[in-house]
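Please read the points alongside the sequence and the coordinates.

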Amino acid sequence: MLYLPCLLLWAFPQVWGQSEVQQNYTFRCLQISSFANRSWSRTDSVVWLGDLQTHRWSNDSDTISFTKPWSQEKPVAWLSRGPNPAHGHLQLVCHVSGFHPKPVWVMWMRGDQEQGGTHRGDILPNADETWYLQATLDVEAGDEAGLACRVKHSSLEGQDIILYWGGRQVSPVLIFLIVGVLVLVVCAVAYYIIRKRRRSYQDIM
């Protein structure tokens, strides 16, 4: 009876995939049974289809839970500058986060040419069951113009994310100056309004 959950869980992905999945995937089932004493035991089962966890089961609830392996969560990407790898060099970092399922393609590009020096880190899990990845590229200072990070993911439906280095990036100093100018403008307007009201009050008196 302990193997019944695994047999049931095995049937779902097989039926699901008959009409759509044309590729062979590895099917794995892990069953863990714990026995505290003769009168108490617990059994948990999880199922993977390839790298995707598809189901889980526990005898506490005696129900099969479907996870979300085929849900489509679009990635969010942004660029940053990493620590300089050497004098006269820059490290460009492309961050990609919030995507699901796990497979993703990230590459630094110059036009249509892939940059072979792109280093992709491990795909790491986020707390919300989505994934995170970063891809770095070391270049000589001044050679970063025209570079872009390209992201391909099944959720994007062919509309790749392309972020150009230097495009839409604002330096922290410029942000500080803009904020400072806005604060001064707000203070000047507030001072003008208060002074005008005081004069109106004095005229009435």
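A search of the whole structure, which is a predicted model, finds one disulfide. Cys94 and Cys149 form this link, with their sulfur atoms 2.0 Å apart. Cys94 belongs to strand β6 (residues 89-99) and Cys149 to strand β12 (residues 147-152), so the pair ties together parts that are 55 residues apart in sequence. The structure also holds two salt bridges, and strand β12 takes part in an open sheet of four strands.

**Disulfide and cysteines**

- A disulfide is a covalent bond between the sulfur atoms of two cysteines.
- The link of Cys94 and Cys149 is left-handed, with -75 degrees about the S-S bond.
- Cys94 and Cys149 are both buried.
- Cys187 has a relative accessibility of 46% and therefore counts as partly exposed, the range between 20% and 50%.

**Salt bridge of Asp143 and Arg110**

- The side chains of Asp143 and Arg110 meet in a salt bridge, at 3.6 Å from N to O.
- This pair links distant parts of the chain, 33 residues apart: Asp143 sits in the loop between β11 (131-140) and β12, whereas Arg110 is in strand β7 (residues 105-110).
- Asp143 counts as partly exposed because its relative accessibility is 40%.
- Arg110 is likewise partly exposed, with a relative accessible area of 28%.

**Salt bridge of Arg150 and Asp160**

- The second salt bridge to be described joins the side chains of Arg150 and Asp160, at 3.0 Å from N to O.
- Arg150 lies in strand β12 and Asp160 in the loop between β12 and β13 (161-164); the two residues are 10 apart, and the pair links distant parts of the chain.
- Arg150 has a relative accessible area of 26%, so this residue is partly exposed.
- Asp160, at 23% relative accessibility, also counts as partly exposed.

**Strand pairing**

- Strands of a sheet pair through backbone hydrogen bonds, either parallel or antiparallel.
- Four strands form an open sheet here, in the order β8-β7-β12-β13, and the pairing is antiparallel.
- The edge strands, β8 (113-114) and β13, each pair on one side only.
- Strands β12 and β13 run antiparallel and are joined by four bridges.
- Arg150, the salt-bridge partner of Asp160, stands opposite Ile162 in β13.

- Ser97 counts as buried because its relative accessibility of 16% is under the 20% cut-off.
- The side chain of Ser97 makes a polar contact with the side chain of Asn126, at 3.1 Å.

**Nonpolar surface patch**

- Val181, Val185, Val189, Tyr192 and Ile193 form a nonpolar patch on the surface.
- Together, these residues have about 460 Å² of accessible area.
- Tyr192, one of the patch residues, lies in helix α2 (residues 172-204).
- With a relative accessibility of 55%, which is over the 50% cut-off, Tyr192 counts as exposed.

Note on methods
Residues numbered from 1 in each chain as written. Predicted model: local features only at pLDDT ≥ 70, side-chain atom pairs only at ≥ 80, totals over all residues. Heavy atoms only, no water. Disulfide = S-S within 2.5 Å. Buried < 20%, exposed > 50% of the residue type's maximum accessible area, 1.4 Å probe, protein only. Salt bridge = Lys/Arg side-chain N within 4 Å of Asp/Glu carboxyl O. Patch = residues over 30% accessible without salt bridge, like charges linked within 9 Å, V, L, I, M, F, W, Y side chains within 5 Å. Areas by Shrake-Rupley, 256 points an atom, 1.4 Å probe, with all protein chains shown as cover. Pairing = 2+ DSSP bridges. Polar contact = N/O pair within 3.5 Å; in protein donor to acceptor, adjacent residues only side chain to side chain.
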